[in-house]
Amino acid sequence: MLHIKVPQIDEIVEGAINKATDESKPQLISFVNEIEYTNAFSFLDRAQKVDRHRLFWKSADEDFTMAGVGAAHKMIAAHPNRFRKIESTWNELLDEAQVYDPHYEKGTGLVALGGFSFDANQNNSTPWEGFPDSQMTVPAYLLTNKGSKSYLTTNLLVFEEDHKQQIIRQIDEHQQQLLHGDRQEHKLPKQTGLTEMEAEKWKQSVKQATDDIKQGKLGKVVLARELRVKFDSSAELAAIVEELCETQENSYIFVFENGGDYFIGATPERLAKLENQELVSTCLAGTIPRGKDEKEDYLFSQQLLNDPKNRQEHDFVVQMIREAVEACCYNVEIPSAPVVYPLRNLQHLYTPVTATLEQGYTLLDVVEKLHPTPALGGMPQKQSVDYIRKHEVLNRGWYAGPIGWFDGHNNGEFAVAIRSALLQQDEASLFAGCGVVEDSNPDAEYEETAVKLRPMLSVLGGSV
């Protein structure tokens with residue numbers, strides 16, 4: 001059961017109302033309680049009766065999950081300087097908020113979850129109208145699960161005209177719904193149609209890119225394509241998230257809901273993680289399928305390790321991340337050669353990067369320096385992004401952008417939003433890309449994107 005001393009809530013809310021009256025501006029309050037272990041998928045499902053703005057994050061390499069609902073505060077910024085604008089707003093929020101967090105655990109108290117679009121200069125908004133260029137949300141209620149422990153953070157914006165008992169009653173009703181309400185039994189969506197979006201045009205764009213690379217216009221470019229899926233009914237979020245968590249164990253599972261649209265995915269690619277000033281980044285580029293058995297799996301992994309195109313593509317990423325990390329860190333450590341990182345459907349070349357963040361820098365500073373890596377944009381960075389904007393046959397929106405979270409204790413983590421889909425009622429747009437270099441073959445690259453589409457597509461009721 002949830003144990004919150006009513007006088008404590010009473011005092012917190014009353015104090016916030018008085019301060020809002022004295023200062024003539026609303027006050028953000030945040031308080032944390034350790035609760036009985038609560039299933040994050042059940043919390044996510046019950047949350048739809050509280051608010052249609054849900055958030056979810058599951059770590060790829062530790063037993064750490066967050067599920068949020070509602071928005072106590074939204075930080076929205078556009079180009080230019082969108083990362084710095086978010087950082088500035090966040091610092092102001094931390095300075096003024098009243099936080100009651102006796103646990104000081106990672107991911108409790110004031111936590112912001114959200115993301116940034118791939119290209120801040122992309123003018124076409126379709127089909128991403130529900131997702132601003134950048135948005136980080138402090139949820140009204142946040143469930144944080146660390147191992148066998150659960151914490152519930154309640155965040156609330158209090159106005160001088162608010163009534164104390166009404167606020168306390170609303171908090172109690174919402175918490176009862178989130179923690180003890182009924183969970184509906186949802187099934188995974190049933191696919192009724194699948195459309196390849198401009199497949200031949202995409203292959204032509206790959207061929208054009210190889211020609212342009214041979215002419216020295218750029219060194220590498222990542223081109224993405226879209227697959228659209230139709231369902232027999234509106235997709236239910238909690239069932240999809242639970243299936244992703246069960247089938248994509250080594251991936252970050254994420255959800256960002258805005259106005260009933262879901263951006264959801266299972267990405268293996270960490271961009272940057274910060275905890276106690278220790279930074280971890282990941283070079284993940286170069287792809288091959290898993291084998292049908294252990295022997296074939298090993299042969300594929302050796303083929304990947306010894307393939308010149310994939311090794312070149314991976315090295316592009318390693319050198320760029322090295323440069324970005326060394327600009328704001330010390331004690332930078334990078335292995336001399338990659339290893340193979342296996343997922344359920346795919347294998348990737350993988351090189352970890354560890355470092356200590358210099359004082360004066362933040363996680364968003366690192367994210368800004370890293371995005372987009374050559375694995376998602378190309379080389380050189382600016383030329384490749386300009387090329388994508390001009391030649392790619394879709395609007396990426398938040399696909400391939402930085403998505404993640406940070407808290408008031410200077411912890412946080414961002415991943416790259418690949419292996420993802422935008423769900424809109426009974427339809428979904430799935431995205432996948434590949435790195436194009438001078439000897440790329442359009443048909444082979446098309447097949448590589450098909451393999452990358454499988455994790456999301458299998459959960460959404462189909463195959464490709």
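Buried residues (under 20% relative accessible area, with exposed over 50% and partly exposed in between; 1.4 Å probe, protein chains only) make up 57% of the 464 residues in the protein. This is a predicted model, in which local features need pLDDT of at least 70, side-chain atom pairs count only at pLDDT 80 or more, and totals for chains, interfaces and linings use all residues. Residues are numbered from 1 along each chain as its sequence is written, and side-chain values use heavy atoms, leaving out hydrogens and water.

**Overall build**

- The protein has eleven helices and 23 strands. These are DSSP runs, numbered from the N terminus: helices are H or I with at least four residues, strands are E with at least two.
- The C-alpha trace spans about 70 × 50 × 45 Å along its principal axes.
- Of contacts (heavy atoms within 4.5 Å) between residues at least 6 apart in sequence, 76% join residues at least 24 apart.

**Surface and charge**

- The accessible surface is about 19,300 Å², and 45% of it belongs to carbon and sulfur atoms. The areas come from the Shrake-Rupley method with a 1.4 Å probe.
- The protein carries 46 positive and 70 negative charges, whose mean positions lie 5 Å apart. Lys and Arg count as positive, Asp and Glu as negative; His and the chain ends are not counted. Each charge is placed at NZ of Lys, CZ of Arg, CG of Asp or CD of Glu.

**Strand S11**

- S11 (residues 220-231) is largely enclosed by the rest of the structure, because ten of its twelve residues are buried.
- Strand S23 (residues 427-436) pairs with S11 in the antiparallel sense over ten bridges. Pairing requires at least two DSSP bridges between two strands. Lys-230 has Glu-427 in S23 as its bridge partner.
- Strand S10 (residues 191-196) is also antiparallel to S11, over five bridges. Here Glu-196 is partnered by Leu-227 of S11.
- Strand S19 (residues 378-379) joins S11 through two antiparallel bridges. Val-221 is partnered by Gly-378 of S19.

**Helix H6**

- Eight of the eleven residues of H6 (residues 237-247) are buried, so the helix is largely enclosed by the rest of the structure.
- Buried positions in H6 include Leu-237, Ile-240, Val-241, Leu-244 and Cys-245.
- The buried residues of H6 pack against helices H2 (40-46) and H11 (442-459). They also pack against strands S2 (54-58), S12 (252-258), S13 (261-267) and S22 (420-424).
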